[in-house]
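Here's a walk through one model, taking a helix first and then the spaces inside the fold. Keep the structure open while you read.

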Amino acid sequence: MRFTKFILCLTISLACSPAGFAQKKTLCPAPPPSPYKHNARIVTGFDARTNLMRTTLEHPRAISHGNSVVYLSAAFVHQDPKRPVKPTLDVAFARSSREPRSLRSHDLALICDGRSASFIGAARFQSRRDAHGMAQDAAIVTLSYEELLNVTRAQKVVARIGGEEFELTRNHLEALRELASLMGPPPSRWRVAE
């Protein structure tokens, strides 16, 4: 009995020593670097509203056209494996300015290698003012996984909001490609819940 207590105390003391902490670090190696080269921040966290995990992409580089500047963000919710449904991705193009210029009066279209996507005009719009008095407008479109793959396979993607066009850089497309890789298995494995 005393021998087992001695072994237990010895194990605890080794695990709590600095050498033990150093040994624990080697047991959990760092994950390999991402094969996608971009500057976006991709974070997965718990979404209390849906009770599911949500992965969000925020790209720090602006997409500019003339005097207009637009930022790209995207998010998807991880689906419950017990109730599989086809995943979707919400892509937002946000703009902030001192004077409110509503995006609401315009349609949103993504042109992939010269071809328009099928969701033209199906965008949702949000407008609000931040703490500094800046007007923030966002045009949000929901893409199915197949539509997202069409966007990420394209060499040139242009977002058209009203009369303005914003070309996504290679960096933005790489971030969307990584997000698509995180969304799940290929479509042939999905079962649609009805």
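Let's start with helix α4, which covers residues 170–182: its 13 residues reach 19 Å from the first C-alpha to the last, close to the 18 Å expected at 1.5 Å a residue. That expected span is 1.5 Å times one less than the number of residues. Among the buried residues of α4 are N171, H172, L173, E174, L176 and L179, where buried means under 20% relative accessible area, exposed over 50% and partly exposed in between, with a 1.4 Å probe and protein chains only.

A word on ground rules. This is a predicted model, in which local features need pLDDT of at least 70 and side-chain atom pairs count only at pLDDT 80 or more, while totals for chains, interfaces and linings use all residues. Residues are numbered from 1 along each chain as its sequence is written, and side-chain values use heavy atoms, with hydrogens and water left out.

Zooming out, the chain has 4 helices and 11 strands, taken as DSSP runs numbered from the N terminus (helices are H or I with at least four residues, strands E with at least two). Of its 194 residues, 34% count as buried. Among contacts with a separation of 6 or more, 57% are between residues 24 or more positions apart; contact here means heavy atoms within 4.5 Å.

Now for the spaces. Both kinds are found on a 1 Å grid over the protein atoms alone: a cavity is a set of points where a 1.4 Å probe fits but cannot get out, a pocket is an open set with protein on both sides within 12 Å along at least five of seven lines, and lining residues have an atom within 4 Å of a point. Points are joined across faces, edges and corners, and the volume is the space filled by probe spheres set on them.

| Space | Volume | Lining by class |
|---|---|---|
| Largest pocket | About 600 Å³ | 9 nonpolar, 7 polar, 6 charged |
| Largest cavity | About 40 Å³ | 9 nonpolar, no polar, no charged |

For those classes, Ala, Val, Leu, Ile, Met, Phe, Trp, Tyr, Cys and Pro are nonpolar, Asp, Glu, Lys and Arg are charged, and the others, Gly among them, are polar.

The largest pocket contains about 600 Å³ of space. It is lined by 22 residues, and S73, A92, A94, Q126 and A138 sit closest to its centre. Strands β2, β4, β5, β8 and β9 each supply at least two lining residues.

As for cavities, the whole structure has 1 of 30 Å³ or more. Its lining includes V91, F93, L110, L143 and L176, and β5 and α3 (145–153) are the elements giving two or more residues.

Strand β2 also holds T55. Is T55 buried or exposed? T55 is buried, at a relative accessible area of 1%. Its side chain makes polar contacts (N or O pairs within 3.5 Å; within protein, one atom must be able to donate a hydrogen and the other to accept it, and sequence-adjacent residues count only if both atoms are side-chain atoms). The partners are the side chains of T44, at 2.8 Å, and H78, at 2.6 Å. Beyond four places in sequence, T55 also touches residues including I42, F76, L179 and L182.

Most residues other than glycine have a negative phi. N51, however, has a positive phi near 60°; N51 lies in the loop between β1 and β2 and is exposed, at 55%. D113 has a positive phi near 50°, sits in the loop between β6 and β7 and is partly exposed, at 37%.
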